[in-house]
Amino acid sequence: TNGYKGHPALPRLQRLIAVGNNFLGYGEVVRGQYRQAVEYYGKALLYLREAPMEAQHAATLNNLARALASLGREERGERICQDALSLRRRLGVEIPIAYSLNTLALIKNGRERTPTAWRLATQALALFRRAGDKRGEGLALIQLGIGLRRLANTEETGYLLEMDVEALYDTAEMAISEAVEIFAEDEEVIRRVEAHLELGCLLRDRLRSEKSFANKQRRDRLSRDADNHLRMAVEAAKSEFPFLALQARVDRAWLRFYADDYTHARAMQAAEEAKASVLEGYRIEDIKKIEQGQAETHYYYQLAKIEGLLAAVAMRQFTARRNSLRQQYLQMNKSDFYKRLEEDPEIKRYLKGAAENYVLSLYYGQMFSQRSRSLVVTYDQIYNYVKQFNSTEYRMFYQFQHDAAEKYKNQMRSESAGAVSDSQATPYDFSRLDGWLNDCFGPVE
């Protein structure tokens with residue numbers, strides 16, 4: 001634009017460039033290239049500062065908020081989305097307001113602020129219905145379904161709403177099923193993928209509920225239907241949207257874990273297939289790593305979920321083996337039984353595997369975001385298992401995770417031998433689980 005300085009057409013040109021960058025950013029979001037999208041949105045905002053256009057400014061802020069949230073920068077995204085919503089409310093046009101309400105619901109869902117998320121989605125849905133915007137309705141129904149599903153999944157459900165868990169699941173299922181119908185023949189394939197993916201996750205979580213657990217016929221139906229929707233998501237996404245295909249594969253692996261009565265073969269196979277589909281350079285075992293400045297960090301989020309699943313399988317195997325040994329040695333005193341546990345090859349293999357998977361899950365979660373939800377999920381999962389350990393099991397687990405952390409720490413240092421400092425060579429603090437275990441359960445003997 002330098003050649004147009006002082007020209008009366010300059011503001012018009014700046015606005016045109018801003019609109020173009022906003023469209024380019026949206027195109028990158030659809031491809032799962034959120035980092036590149038953020039750069040385009042930033043350029044759009046630069047030109048909009050020179051040539052203000054409030055409606056376009058609000059749209060760009062709203063899109064930027066979504067992209068930042070997808071990169072794990074949810075606090076920044078939420079702040080920017082609130083700004084976009086305030087600007088759109090001042091302008092007074094309902095459909096843009098509804099889209100910002102829905103984006104805010106999406107971010108709140110990502111941060112597990114579900115009591116707020118579903119209310120925001122409901123407000124957005126009401127505005128979209130009044131305006132007859134079917135696309136907006138579908139998007140709001142998805143966020144409403146996610147919010148209600150996650151609310152039903154929380155242990156605190158009874159304190160949040162005076163309705164039972166099944167009613168929450170019923171309402172969530174109706175919402176997302178309607179979204180599936182809206183996007184069934186829509187040209188925007190990515191929305192169809194998202195709707196099938198979320199319906200599959202909802203049915204999977206219903207399968208886990210207490211009411212479904214004891215009813216095999218109900219479990220089989222939910223498992224079949226969930227698998228169908230997740231499979232459709234994979235098929236529709238794999239050519240154009242590999243990042244969503246990966247998410248569906250990971251969710252399908254977790255479905256196998258819950259649907260197969262906690263057996264491990266099919267879940268582990270599905271997890272390994274999902275892991276193999278991740279782009280080269282994101283896995284810790286990849287020889288050539290993706291540079292952090294170029295990484296699309298949502299791949300790390302999915303890898304964290306995969307390692308968490310593999311750890312859960314290993315812990316189930318460990319628990320089953322320990323119970324089997326306890327039945328085998330009923331007459332053995334506690335001290336001798338603990339020694340028998342420590343010497344058992346299967347006990348050691350399962351506990352070592354779980355510890356290593358947890359270390360990797362925390363590593364990938366950290367690579368996604370310092371405040372990643374997956375970190376909270378992983379720590380909660382570890383806590384629920386470790387609190388049941390006896391002193392021998394705790395000592396074994398502590399040593400196994402410490403050894404795994406040292407192994408990967410040394411590997412990262414070796415691969416980054418040319419780095420200026422250790423902090424550059426090892427961007428993740430592999431000793432953090434040591435400290436967390438000490439804080440929660442005290443030192444080992």
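Glu-137 is buried in this predicted model. The relative accessibility of its side chain's residue is 4%, which falls under the 20% cut-off for burial. Glu-137 forms a salt bridge with Lys-134, with N and O 3.5 Å apart. Lys-134 is partly exposed, at a relative accessible area of 46%. Both residues belong to helix H7, which spans residues 134–153. They are about one helical turn apart, because three residues separate them in that helix.

A second salt bridge joins Asp-225 and Arg-224. The N to O distance is 3.8 Å. Here Asp-225 is partly exposed, with a relative accessible area of 23%. Arg-224 is also partly exposed. Its relative accessibility is 47%.

Asp-251 sits in helix H13 (residues 242–259), and Lys-305 sits in helix H15 (residues 298–328), so the pair ties together parts 54 residues apart in sequence. Asp-251 is buried, at 4% relative accessibility. Lys-305 is buried as well, at 19%. Asp-251 and Lys-305 also belong to a network built from salt bridges with shared partners. Across the whole structure, the search returns 41 salt bridges.

Charge was then considered for the protein as a whole. There are 64 positive side chains and 61 negative ones. The centres of the two sets are 2 Å apart.

The secondary structure consists of 21 helices and zero strands. The radius of gyration is 24 Å, close to the 22 Å that the globule rule gives for 445 residues, so the protein is as compact as a globular protein of that length. Along the principal axes, the C-alpha atoms fill a box of roughly 90 × 60 × 40 Å.

Of the 445 residues, 52% are buried. Among contacts with a separation of 6 or more, 65% link residues 24 or more positions apart. The accessible surface of the protein is about 21,300 Å². Carbon and sulfur atoms account for 49% of that surface.

Conventions. Residues are numbered from 1 along each chain as its sequence is written. This is a predicted model: local features need pLDDT of at least 70, side-chain atom pairs count only at pLDDT 80 or more; totals for chains, interfaces and linings use all residues. Side-chain values use heavy atoms; hydrogens and water are left out. Helices (H or I, at least four residues) and strands (E, at least two) are DSSP runs, numbered from the N terminus. The radius of gyration is taken over C-alpha atoms; the globule rule is 2.2 Å times the number of residues to the power 0.38. Buried means under 20% relative accessible area, exposed over 50%, partly exposed in between (1.4 Å probe, protein chains only). Contact means heavy atoms within 4.5 Å. Accessible areas come from the Shrake-Rupley method with a 1.4 Å probe; for residues, only the protein chains shown count as cover. Lys and Arg count as positive and Asp and Glu as negative; His and the chain ends are not counted. The place of a charge is taken as NZ of Lys, CZ of Arg, CG of Asp or CD of Glu. A salt bridge is a side-chain nitrogen of Lys or Arg within 4 Å of a carboxyl oxygen of Asp or Glu.
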